[in-house]
Amino acid sequence: MKELDRIRREIAAHPSNAWAVEAGYEPLYVAHPDARCLIIGQAPGIRAQQSGIPWNDASGQRLIGWLSVDEATFRDPAAFAILPMDFYYPGKGTTGDLPPRADFAPTWHPRLLELMPQISLTLVVGDYAQRHYLGGKSSLTERVRGFRDYLPDRFPLVHPSPLNFRWQARNPWFVTDVLPELRIRVAEALSGRP
């Protein structure tokens, strides 16, 4: 845990994050050496950043429902690690939040992942995380529909934002095919089964 604490201090002290320190923001992620599942998403929303609690919004509640776990399990760092593509709220753009900084995850993720050897399932949420970690198929929809191509250790998901209701309406297979398999894989990872 000392190394994890040291990295957190390094992130906060890095010159590229001085603006966040001035705003009173802490780097928002969860890392624990015993974590079994990892969630890699885009970047914290403003509500999560201000509260200091990852996925502390309607998207988080929907994600918890998709995973079929309770809030306590989701918030247990020995169950779920959370590494967004940027650990700080990127700000508001013209059509939503700005994208995560492109150099952030390549700089910090490898060091943190090295300290979490028990992770057996990584949920790759949204297009930014999928392009970085999965590549391959040309669209988010194709990656999510082809989730079996990434098993057993990675599982692509659409972002659980309530604003994605149109995507979910156009892709009913997500509820009938993807979510049941997701729940099985998460339960297995949390129980320590392969």
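**Figure 1. Arg143 and the residues around it in this predicted model.** Leaving out residues up to four places away in sequence, Arg143 touches Asp127, Gln130, Arg131, Leu134, Gly135, Lys137, Ser138, Tyr150 and Pro156 (contact means heavy atoms within 4.5 Å). You'll find Arg143 in helix H8; helices (H or I, at least four residues) and strands (E, at least two) are DSSP runs, numbered from the N terminus. Arg143 counts as buried because its relative accessibility is 2%. Here buried means under 20% relative accessible area, exposed means over 50%, and partly exposed is in between (1.4 Å probe, protein chains only). Its side chain makes a polar contact of 2.7 Å with the side chain of Gln130. A polar contact is a pair of N or O atoms within 3.5 Å; within protein, one must be able to donate a hydrogen and the other to accept it, and residues adjacent in sequence count only if both atoms are side-chain atoms.

A quick note on the model: it is predicted, so to speak of local features takes pLDDT of at least 70 and side-chain atom pairs count only at pLDDT 80 or more, while totals for chains, interfaces and linings use all residues. Residues are numbered from 1 along each chain as its sequence is written, and side-chain values use heavy atoms, with hydrogens and water left out.

**Figure 2. Gln130, the partner of Arg143 in that polar contact.** Gln130 sits in helix H7, which covers residues 127–133. With a relative accessibility of 0%, Gln130 counts as buried. Besides meeting the side chain of Arg143 at 2.7 Å, the Gln130 side chain reaches the backbone oxygen of Val124 at 3.1 Å. Not counting residues up to four places away in sequence, Gln130 also touches Val125, Gly135, Leu140, Val144, Pro156 and Leu157, among others.

**Figure 3. Ile64 in helix H4.** Is Ile64 buried or exposed? At 6% relative accessibility, Ile64 counts as buried. Setting aside neighbours within four places in sequence, Ile64 is in contact with Val69, Asp70, Glu71 and Phe74. Arg75 is eleven residues from Ile64 along the chain, and their C-alpha atoms are separated by 9.9 Å.

**Figure 4. Phe74 and the largest nonpolar core.** A nonpolar core is a set of buried Ala, Val, Leu, Ile, Met, Phe, Trp, Tyr and Cys residues joined through side-chain atoms within 4.5 Å. In soluble globular proteins, nonpolar side chains tend to be buried together. The largest core here has 31 residues, and those with the most contacts inside it are Ile39, Leu67, Phe74, Leu123 and Phe174. Elements giving two or more residues to this core include strand E1 (37–40), helix H4 (58–67), strand E5 (121–125) and helix H10 (173–191). H10 gives the most, with seven residues. Phe74 touches Ile39, Trp55, Leu63, Ile64, Leu67, Val69, Phe80 and Ile82, not counting residues up to four places away in sequence. There is also a second, separate core of 25 residues, with Ala35, Ile40, Leu83 and Tyr88 among them.

Figure 5. Of the 194 residues, 45% count as buried. Among contacts between residues at least 6 apart in sequence, 71% join residues at least 24 apart.
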